[in-house]
Number of protein chains: 2
Amino acid sequence: MAQKPSIPKGTRDFGPVEMARRNYIFSTISDVFHLFGYAQIETPAMENLSTLLGKYGDEGDKLLFKILNSGDAFAGVTPDMLENSNAVAMKVCEKGLRYDLTVPFARFVVQHQNDIHFPFKRYQIQPVWRADRPQKGRYREFYQCDVDVVGSQSLLYELELVQIVDLVFAKLGINVCIKINNRKLLAGLAEVAGAADKMVDITVAIDKIDKIGLDAVKEELREKGLSEEAIAVIEPVLLLQGDNEAKIEQMSRILASSEVGMKGIAEIRELFSLIVSAGILQKVELDLSLARGLNYYTGAIFEVKALDYEIGSICGGGRYDDLTGIFGLKNVSGVGISFGADRIYDVLLGLDKYPAALGSAPDVLFANMGREAVNYVMPVCAALRERGFSVVVFPDESKLGKQFDYATRSGIPFISINADSEAAAGTVNLKNLAEGKQQTFAKDDVDAMVAFLRQ
Amino acid sequence: MAQKPSIPKGTRDFGPVEMARRNYIFSTISDVFHLFGYAQIETPAMENLSTLLGKYGDEGDKLLFKILNSGDAFAGVTPDMLENSNAVAMKVCEKGLRYDLTVPFARFVVQHQNDIHFPFKRYQIQPVWRADRPQKGRYREFYQCDVDVVGSQSLLYELELVQIVDLVFAKLGINVCIKINNRKLLAGLAEVAGAADKMVDITVAIDKIDKIGLDAVKEELREKGLSEEAIAVIEPVLLLQGDNEAKIEQMSRILASSEVGMKGIAEIRELFSLIVSAGILQKVELDLSLARGLNYYTGAIFEVKALDYEIGSICGGGRYDDLTGIFGLKNVSGVGISFGADRIYDVLLGLDKYPAALGSAPDVLFANMGREAVNYVMPVCAALRERGFSVVVFPDESKLGKQFDYATRSGIPFISINADSEAAAGTVNLKNLAEGKQQTFAKDDVDAMVAFLRQ
């Protein structure tokens, strides 16, 4: 016998149950995207390597999956080239698998700029590939689910993304905290501390306050080369008290002398004011320690944590001012967020929040009692399908035990067994396998059958 | 300015309009699959090359996209190896992109055989990649849409696939002819003609009868080496008259002495009888010239043609008796069909059969008349979204002309303009841009707004 086949490490098959759950997540999310006017696009799995290289740093370049040119890829490779593996790879590979959805989106916007009406609101749900070392929760193929609007600086879009997060997780039944920061606040803080070049160090230190305490954070700031004067400026930020509004007021006093800082204050004040007006239901929190993608984002930064389940952030994003500049189209500001489908999958599973009726199983199995009996039930099957029920007919005239067994193992909740007597009487019966409840119907009384199936 | 970026040849971006159409096709098809109890699975884009190689013939092997191993792929490549390009490729590539959905499905069934309940009914809608020369209608990345059931020889599944085809194209509004053949009929014909090794030649010749006429077909059979006696046996098949039933009767006389032929007759007679019982609405036709995948299929063969639009087959498939044998699992019979999404896309476009309301555009634009006015309409936006409408707010307090222009260019059918006077009166108005019709509503009378939007 041949060896049992397998799939590449870090990749996954999704069976019917996983797919039903994943489709539930993606359709819930994309339904909300549509309510806010975002339209779906798709880009090819393969991009030119020239599009991808240099966009994710040296480490990212190494993690790109490269595709061997078709035809005789090695025709021009000479023995001396082999000393430089990377040069050979670049000679024999022109294409790579997309690494994320952001760079292909930037490429899409620039390539199709004449056909796009700005502000352009798009979402994209597609797999990406990274040659990372596979480990628990980290895959070489995984889906990203990105929603962005480009071509406007309006803070109403920051609000819209918060509204989308709010509604998505309400629909999924997950309680979350939406954490918000703004890069301009962090830049302003570094500026007033006289350490504009140490913005990232400061943010990382702030992030540790809950874990290691005030003294240790101050010690870390010292180690990073900040002066006592700088630390004295930063200390009040570590001790911020009160609700979001109070925190914003305290920050506005700290940042008063920084132009960029006060621009950040104006933005964050406006966004929180919009959030209050919009009646966001989930918890929303100003979090000065949020440093997500700091080199990339230029304004708002978002991160979403599940409140009732221990896992990393399940959604995040922010405002970027020059997404498309890498492809030569300047001054296109955008803001977007990305939903972490794999983690949301785990949260729903851990909290047992998948809808009960989500199963991939059919609703009704019609037993096979011979060719005549199958003929007899065919119109009933068609009528139930027309009403939206998933209906299967057992393929062979097997023993009833085997047919029951198939229904049970497949998770089919209802079975219908109709033979000569039912045909003679013009009836059809339905049995709820879990409850044992059974009922007989006139063959054409589909309404009554539907009512029974929906009980 | 940087060079405008592009995508690899033979690949495509799908914008909002294309995606809305494609989603319409895929959701129509997959809804029908669900009604018949088929569940979705997905497999990774990358498979081990050992899984893919040798499954599609030499030509197919050449068309596989191979993925360069990550890390130092060329570490073990010595200069002398460069003489054999293929050997180098096999050394530096362990993975390839899937070429179709059939081989990955076979691999899936074998790999997960202990978790699967047979008969296993699955569908799969995913892209595949082929390093073909791109040309009109032929892409290097395209979606396949396959539905199969494995682990049963019941002809009820052949019927089920015909029912699925019937319902899918009814829902899409495409009139089709479902052509059916059976490999056993062709094998039987070759047998009774004393030319069992010439089954393909005979089928190809039969296929030309309408185009080149009886004499030319007979001439072609002679050229292929068939004797006059053999041609005399085949001639009545070229002259088959009447409806499906009549054709089956004529064939049963021709094939009377062939065991495999009469098995084919029994199968085709049973299938057409089931088709009549099931009340299939589309045209169904026995077509002895159907040779699709003849080396692969072992029983029924299906092909679907659009009746009102000139294009190749838009759907096809058949019964295969040893799909999983290549991976060591014997005796798993299956039957399946594949929908040609790209062609169906073109047929719907050519026949203008896409639903009018399919657009990717939002339903309503709320004009931005300043921050207070936006606050005022926010609850209305939320209420309309709760009722399923796609609602957007213009991002800036721009001139009204610009806001109208955005609505028009984006294809948004309704605009709502509310300023101080509306806020004072507690009203909201809605205007149908195409018809110019306008109406004013109490702010909380969402039912009336919904009625107006649905007119």
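Select chains A and B together: the area buried between them is about 8,100 Å², with carbon and sulfur atoms giving 60%. Buried area here is the accessible area (1.4 Å probe) that two parts lose on being put together, summed over both. This is a predicted model, in which local features need pLDDT of at least 70 and side-chain atom pairs count only at pLDDT 80 or more, while totals for chains, interfaces and linings use all residues. Residues are numbered from 1 along each chain as its sequence is written, chains are lettered from A in the order in which they are written, and side-chain values use heavy atoms, without hydrogens and water.

Colour the interface residues next. In chain A, 101 residues are in contact with 101 residues of chain B, contact meaning heavy atoms within 4.5 Å. Four salt bridges are found across this interface (a side-chain nitrogen of Lys or Arg within 4 Å of a carboxyl oxygen of Asp or Glu). Then zoom in on A:Arg107 and B:Asp13, whose side chains form a salt bridge at 2.6 Å, N to O.

Move to chain B and show helices H1 (residues 16-35) and H13 (residues 341-350), which pack at about 110° with their axes 10 Å apart. Helices are DSSP runs (H or I, at least four residues), numbered from the N terminus. Axes are lines fitted to C-alpha atoms over the stretch in contact, and angles run from 0 to 180 degrees between N-to-C directions. H1(B) and H13(B) are therefore roughly perpendicular (65 to 115 degrees; under 35 is roughly parallel, over 145 roughly antiparallel, the rest oblique). Among the residues in this contact are B:Tyr24 and B:Phe26 of H1(B) and B:Tyr345 and B:Leu348 of H13(B).

Stay in chain B for H11 (residues 244-254) and H12 (residues 259-278), whose axes come within 10 Å and cross at roughly 165°. H11(B) and H12(B) are therefore roughly antiparallel to each other. The contact includes B:Ile248 and B:Met251 of H11(B), and B:Ile265 and B:Phe272 of H12(B).

Finish in chain A with H14 (residues 371-386) and H17 (residues 446-454), which pack at an angle of about 60° with axes 11 Å apart. That makes H14(A) oblique to H17(A). To see the contact, select A:Val380, A:Ala383 and A:Leu384 in H14(A), which meet A:Val446, A:Met449, A:Val450 and A:Leu453 in H17(A). The residues of this contact divide into seven nonpolar, no polar and no charged (Ala, Val, Leu, Ile, Met, Phe, Trp, Tyr, Cys and Pro count as nonpolar, Asp, Glu, Lys and Arg as charged, the others, Gly among them, as polar).

Technical notes: Helix = DSSP H or I, 4+ residues; strand = E, 2+ residues; numbered from the N terminus.
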